[in-house]
Amino acid sequence: MPFSNSSELGPSFLLASIPGLEAAQGWLAIPLCSAYVLAVLANGAVLLVVRAEPGLHAPMYCFLCMLAAIDLALATATVPRVLSFYWFGSREISFPACLLQMFLIHALSAVESAVLLAMAVDRYVAICHPLRHAAVLTCGATAKIGLLAVARGVLFFLPLPLLLLPLPFCGSRVLSHSFCLHQDVMNLACANTTPSVVYGLTAILLVMGLDAVLICLSYLLILKAVLRLAAWRERLKVFSTCIAHICVVLAFYVPLIGLSVVHRFGKDLAPLVHIVMGNIYILVPAVLNPIIYGVRTKQIRRRILSLI
């Protein structure tokens with residue numbers, strides 16, 4: 001029977017449990033909670049260190065602060081709800097709450113992708129046009145880039161929940177993940193979802209896809225400039241300034257691509273694969289990003305060690 005998605009304020013969907021391990025979910029939530037706590041502490045430490053250290057008040061570290069804030073928001077929008085399910089059995093999630101969570105996940109991912117692109121452009125200008133770096137990437141320009149990234153994420157992904165709002169839902173109410181994603185919710189609708197499919201794919205390609213292409217182009221230009229240097233030691237020294245950003249880009253795009261592939265072509269895969277890939281997509285960047293920059297940046301590493 002169809003169930004209401006607009007007139008009811010009660011539960012509408014069921015979050016996915018770990019198949020065959022329902023009785024042990026309370027214990028399995030401990031590493032998930034540990035990873036979330038680590039992400040909160042690490043990203044919070046980066047925000048505090050960059051704010052307190054005058055030498056880090058530069059565009060690259062302003063972007064790093066944006067990245068930390070986005071990771072905190074993305075993890076907080078999903079993990080506490082998952083933990084409440086694993087520990088307290090609160091499996092049902094209302095339709096409005098599901099749409100809000102879905103919008104936050106996709107919009108924040110789009111903002112993070114834009115910030116990663118801005119960081120790639122920052123590296124390109126710093127290496128290929130060092131004399132113009134301070135003039136091009138000022139504090140004002142950095143703030144405008146952050147606002148544009150947020151506006152783009154909201155404008156592109158706000159239509160996703162609006163397209164799902166009028167659809168009727170029937171049959172199974174069980175999601176594939178422990179949180180709400182657009183394609184996951186859309187697959188439960190018992191109506192024509194072609195507009196949602198087309199718009200969702202278009203938004204992903206125009207936002208994350210285009211950002212990935214521009215990031216690759218930036219690094220091709222950087223590599224071209226680095227190879228012009230005569231000494232290998234100088235080449236390695238210059239390119240080493242990009243290592244942290246490359247690792248952060250991989251930590252974001254590899255889980256994103258993996259989750260997209262699982263959704264598009266993994267219908268016959270075990271449900272556990274969907275759950276694990278979803279958790280990796282949410283938590284891996286939030287945990288790894290501050291660790292990568294903490295290891296690669298002496299000022300951040302020293303300040304964090306002094307705080308500890």
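Predicted model: local features only at pLDDT ≥ 70, side-chain atom pairs only at ≥ 80, totals over all residues.
What is the handedness of the link of Cys98 and Cys180 about the S-S bond? The link is left-handed, with -120 degrees about that bond.

**View 1. The disulfide of Cys98 and Cys180.** A disulfide joins Cys98 to Cys180, with an S to S distance of 2.0 Å. Its two ends belong to distant parts of the chain, 82 residues apart. Cys98 is in helix α3, whereas Cys180 is in the loop between α6 (159–164) and α7. Both Cys98 and Cys180 are buried.

**View 2. The disulfide of Cys170 and Cys190.** Cys170 is joined to Cys190 by a disulfide with an S to S distance of 2.3 Å. Cys170 counts as partly exposed because its relative accessibility is 22%. Cys190 is partly exposed as well, with a relative accessible area of 35%. A search of the whole structure finds two disulfides. When bonded cysteines are counted along the chain, the disulfides follow the pattern 1-3, 2-4.

View 3. Cys62 is in no disulfide. The cysteine sulfur nearest to that of Cys62 belongs to Cys139 and is 5.5 Å away. With 26% relative accessibility, Cys62 counts as partly exposed. For Cys65, the closest cysteine sulfur is in Cys62, at 6.4 Å; a disulfide requires sulfur atoms within 2.5 Å, so this distance is too far for a bond. Cys65 has a relative accessible area of 18% and is therefore buried.

**View 4. Thr193 in the loop between α7 and α8.** Thr193 is placed in the loop between α7 and α8. Is Thr193 buried or exposed? Thr193 counts as buried because its relative accessibility is 17%, and the limit for a buried residue is under 20%. When neighbours within four places in sequence are left aside, Thr193 is in contact with Leu167 and Met186.

**View 5. Ser109 in helix α3.** Ser109 lies in helix α3, which covers residues 95–128. Its relative accessibility is 0%, so Ser109 counts as buried. A polar atom of the Ser109 side chain lies 2.7 Å from the backbone oxygen of Ile105. Not counting residues up to four places away in sequence, Ser109 touches Leu74, Met208, Phe252 and Tyr281.

**View 6. The largest pocket.** The largest pocket holds about 500 Å³ of space. Its lining consists of 24 residues, and Gln183, Ile204, Leu256, Ser260 and Arg264 lie nearest its centre. Helices α3, α7 (182–186), α8 (194–227) and α10 (243–265) each supply at least two residues of this lining. Which element gives the largest share of the lining of the largest pocket? That share, eight residues, comes from α8. By class, the lining of the largest pocket has 15 nonpolar, eight polar and one charged residues.

**View 7. The second largest pocket.** About 230 Å³ is the volume of the second largest pocket. Of the 13 residues that line the second largest pocket, Ala42, Ala45, Pro290, Ile291 and Ile304 lie nearest its centre. Two or more lining residues come from each of α1 (25–52), α11 and α12 (298–307). The largest share, five residues, belongs to α1. The lining of the second largest pocket has 11 nonpolar, one polar and one charged residues.

**View 8. The largest cavity.** How many cavities of 30 Å³ or more does the structure hold? The structure holds one such cavity. The largest cavity has a volume of about 40 Å³. Its lining is formed by Leu32, Thr78, Val79, Val82, Phe179, Asn279, Ile282 and Leu283. At least two residues of the lining are supplied by α2 (59–88), and at least two by α11 (271–296). Six nonpolar and two polar residues make up the lining of the largest cavity, with no charged residues.

Key: Residues numbered from 1 in each chain as written. Heavy atoms only, no water. Helix = DSSP H or I, 4+ residues; strand = E, 2+ residues; numbered from the N terminus. Buried < 20%, exposed > 50% of the residue type's maximum accessible area, 1.4 Å probe, protein only. Polar contact = N/O pair within 3.5 Å; in protein donor to acceptor, adjacent residues only side chain to side chain. Contact = heavy atoms within 4.5 Å. 1 Å grid on protein atoms, 1.4 Å probe; cavity = no way out; pocket = protein on both sides within 12 Å on 5 of 7 lines; lining within 4 Å. Points joined across faces, edges and corners; volume = space filled by probe spheres on them. Nonpolar A, V, L, I, M, F, W, Y, C, P; charged D, E, K, R; others polar.
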